[in-house]
Amino acid sequence: MANRLASATSPYLLQHADNPVDWWEWGPEAFAEARARNVPVLLSVGYAACHWCHVMAHESFEDDDTAAYLNEHFVSVKVDREERPDVDAVYMQATTAMTGQGGWPMTCVLDHDGNPFFAGTYFPDQPRHGQPSFRQVLQALVDAWTNRGDDIRRVGSDLRDFLNQQASHAAGPLGAPELEKAEAALRREFDSQTPGFGKAPKFPPSMALEWLRRRAEPEMLDAILEAMARGGIYDQIGGGFARYSVDRAWVVPHFEKMLYDNAQLVGLYARRGGPLGERIAAETADFMIRELGTAEGGLASALDADSEGVEGKFYVWTRDQLAEVLGPDDGGWAAELFHVTEHGTFEHGSSVLQLLHDPDDVDRWRRVRAALLAARADRVRPARDDKVVAAWNGLAITGLVDAGLRLDRPAYVDAAVAAGRLLVDLHLVDGRLRRASRDGVVGAHAGVLEDYGAVAGGFCPSWRRPVTRPGCGVPRSCWRWPSLTSAPTTAGSSTPPTTPRRWSPGRATRPTTPARRVSPRRSTRWPPMPH
């Protein structure tokens, strides 16, 4: 059996390279194979930091009997949604149309033209809570493919027509009436008791909050920003936000940390300002640079939810663990401050740290936080998806520059410039933007609209009017937007800050894999974006 994933640049595909499943990457070759064998295509979409993707992989894709059944009756295709958001978007729309919900891992079964006739998300290895097992689903699909071909063609054709109709709806310009309706819809969804939109699970609504900030609607904005910053979805020790909260009150997160969330939130909190906003922005920026920064100067995609095979183990604490690190006095004080209960707010008696009220002794809080962060560093860390995605680094450039200028932190601007240099030197190939890279190797997949939009937004200096805090000592006129070949400087200083990390020209050798490593190009300006 050929190992077609072994040369992939995606950490998610590499996680599955040694499965007994005969995986194919997305492409015409997989569909040609399915047509030649007259079997359907099983499409499995996920990402490296996805907890339930790991669960389904361990239960089903690593199981020899399940893999043998898949290999006999399907052509199995594995897709990293972060590398191929175009593929993910199409089939996620199909999944939600067919089932009313979506998520990852996403499991779709397709005919030879790519039309889905079945869709779902996670399936267990054994029947559970009224849900059939994955093997039962596969057997039913094989029976339908063999004996009810007309039904399959009808379902696939009807769904394709529906999706095409949805895609053909042209969006018109947004005027005041549409914006008023949007705000009214948000107010209807607003949860005033545990601020956020909707009930559980709750996701950080970054774009909606930025829109409310621009509309000068502080009521919902400030309530949600504070609730998230004080809840368990925010890492009270190390900074940075988890992907979502499984409960209504932001207490227990789904622990993976995604760059795209933190890239948007760091700038949002900085732009909102105030003592809480500035603290959260600084801690989140520090987290991004410390834990997501790559050797080439970019920012990695995500941190996993699991460590040692247990979700959240890296982040949660018991009262005894706090006392062991801090001693009985500080340990008891920290347990009350961070709402670490005797029975726990998570699993197995452990608690997710929250900071529901400001500490009565700020110096003590800082000392305790630093001690807990140092002790946590000795734990087994969650895995990191270290691919660099162009769009998310574009968002990070925007957020880090805003935080750096507003908080008077040149190091944040340095990190943004380093990420920008990497995108120019590595991701721009023949005037076109590539979606992702890893370890200084650019992937083969073309950039999509969000890549061009987010990178252009990060590179665009026209709307960046630097704003500094009153009394910070750095006047507005002192800041200059850095070029690709210069570090940011402040007026009156002849020595720029430390040169940001940059991708090494010494690494520029062409590999034998389909992915390309490109020589860094030098430029004195941001290059024009492709038409």
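In what order do the three strands of the open sheet stand, and is the pairing parallel or antiparallel? The order is S13-S16-S17, and the pairing is antiparallel. Strands S13 (388–389) and S17 (441–442) are at the edges with a single partner strand each, so one side of each has no neighbour in the sheet. Strands here are DSSP runs of E with at least two residues, helices are runs of H or I with at least four, and both are numbered from the N terminus. Two strands count as paired if DSSP finds at least two bridges between them.

Strand S16 (residues 436–438) pairs with S17 over two bridges. Ser-437 has Val-442 in S17 as its bridge partner.

## Basis and confidence

This is a predicted model, in which local features need pLDDT of at least 70 and side-chain atom pairs count only at pLDDT 80 or more, while totals for chains, interfaces and linings use all residues. Residues are numbered from 1 along each chain as its sequence is written, and side-chain values use heavy atoms, leaving out hydrogens and water.

The pLDDT (the predictor's confidence in each residue, from 0 to 100) averages 86 over the protein chain, and 86% of the residues score at least 70. Over residues 465–531 it stays under 50.

## Nonpolar cores

A nonpolar core is a set of buried Ala, Val, Leu, Ile, Met, Phe, Trp, Tyr and Cys residues joined through side-chain atoms within 4.5 Å. Buried means under 20% relative accessible area, exposed over 50%, and partly exposed in between (1.4 Å probe, protein chains only).

The largest core has 101 residues, of which Phe-74, Leu-209, Met-228, Tyr-269 and Met-288 touch the most other members. Helix H16 (residues 390–407) supplies the largest share of this core, 10 residues. Another core, of 18 residues, lies apart from it and includes Ala-34 and Cys-108.

## Salt bridges

The whole structure has 40 salt bridges, each a side-chain nitrogen of Lys or Arg within 4 Å of a carboxyl oxygen of Asp or Glu. Arg-243 and Glu-256 form one, with the closest N and O atoms 3.7 Å apart. Both residues are buried.

Arg-381 bonds with Glu-291 in a salt bridge at 3.8 Å. Arg-381 is partly exposed, whereas Glu-291 is buried.

Terms used. Contact means heavy atoms within 4.5 Å.
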